[in-house]
Amino acid sequence: MPQAQHPEESSIRIYSRLLGYLRPYWISFIASVLGFALFASSQPALAQVMEYLINAIESNEPEQRYLIPLAIVVIYIFRGIGSFIGNYCMARVSFGVVHTLRVELFDSLTRLPTPYFDAEGSGHLVSRLTFNVNQVTSAATDALKVIIREGLTVIALLGFLFYKDWRLTLVFIGIAPIIGVLVVFIGKRLRTLASRIQVTMGNVTQVCGEMINGFKVMRHFGGEEYERQRFRTASDANTRQN
């Protein structure tokens with residue numbers, strides 16, 4: 001399992017290390033890309049059919065009443081197949097990476113010295129295995145899915161727009177730098193929030209574990225209200241960060 005990252009380590013480097021865990025699942029990954037490519041190709045096809053639909057309404061051609069709805073149904077069938085293959089195969093990759101990371105993290109914990117366990121709360125350690133690994137992997141694979149699916153869709157639609165009207169397309173491309181600035185700013189903000197969410201979830205697990213493991217002590221000293229308040233505070237902090 002990779003060691004804790006330095007705060008200044010770039011997002012690209014961290015993400016590239018996570019992508020290294022995709023190698024054992026490359027077949028599912030390629031199948032996912034092909035599925036999303038099929039999904040993306042349906043977008044310009046649907047736009048073209050909409051143009052035919054408008055022209056058919058204006059020209060009042062009876063035969064188009066049957067051909068255009070049939071074409072739309074066929075496009076949505078292929079669109080659904082592509083979306084299913086892409087999402088299903090990417091989910092297989094995601095859960096496979098979660099399994100690999102959890103096993104490596106658990107194996108690493110079994111080799112750590114006693115002072116490490118004395119310094120770290122058990123709730124935070126359990127949370128890293130059950131929550132943090134899943135969140136980090138889901139974020140990585142979800143980002144990858146969006147990049148592939150939406151990226152291919154944008155390429156397909158841009159090609160279609162250039163084919164239809166290249167001047168109008170250049171106007172849309174001019175907005176790209178503004179979107180890029182927003183994406184960079186929001187990405188940094190989300191990374192900060194994700195770290196806080198992991199810490200607060202560890203606190204929730206810690207309080208929960210201490211109450212369950214020490215419930216006899218709690219009952220003996222009448223600490224029920226104290227433990228309830230601790231859990232409410234930890235859960236409220238996690239809710240606000242989410």
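By the rule used here, the count comes to eight salt bridges, where a salt bridge is a side-chain nitrogen of Lys or Arg within 4 Å of a carboxyl oxygen of Asp or Glu. Before you click on, note that this is a predicted model: local features need pLDDT of at least 70, side-chain atom pairs count only at pLDDT 80 or more, and totals for chains, interfaces and linings use all residues. Residues are numbered from 1 along each chain as its sequence is written, and side-chain values use heavy atoms, with hydrogens and water left out.

Select lysine 164 and glutamate 51. Their closest N and O atoms are 2.9 Å apart, in a salt bridge. This pair links distant parts of the chain, 113 residues apart: lysine 164 sits in helix 5 (residues 122–164) and glutamate 51 in helix 2 (residues 26–59). Helices here are DSSP runs (H or I, at least four residues), numbered from the N terminus. Lysine 164 has 38% relative accessibility and counts as partly exposed; glutamate 51, at 30%, is partly exposed too. The cut-offs are under 20% relative accessible area for buried, over 50% for exposed, and partly exposed in between (1.4 Å probe, protein chains only).

**On to helix 9**

Now pick arginine 230 and glutamate 210, which form a salt bridge with closest N and O atoms 2.9 Å apart. Arginine 230 lies in helix 9 and glutamate 210 in helix 7, so the pair ties together parts that are 20 residues apart in sequence.

Is glutamate 227 buried or exposed? It counts as buried, because its relative accessibility is 15% and the limit is under 20%. Glutamate 227 belongs to helix 9 (residues 224–241). Show its contacts (heavy atoms within 4.5 Å): leaving out residues up to four places away in sequence, glutamate 227 touches Val207, Met211 and Met218.

**Last stop: a nonpolar patch**

Colour the surface and look for a nonpolar patch of about 1,200 Å², whose members include Leu161, Phe172, Ile179 and Leu190. Patch residues have over 30% relative accessible area and no salt bridge; like charges are joined within 9 Å, nonpolar side chains (Val, Leu, Ile, Met, Phe, Trp, Tyr) within 5 Å. Helix 6 (166–173) and helix 7 (176–213) each supply at least two residues, and helix 7 gives the most, with seven. Finish on valine 171, another patch member: this helix 6 residue is exposed, with a relative accessible area of 53%.

Methods: Accessible areas come from the Shrake-Rupley method with a 1.4 Å probe; for residues, only the protein chains shown count as cover.
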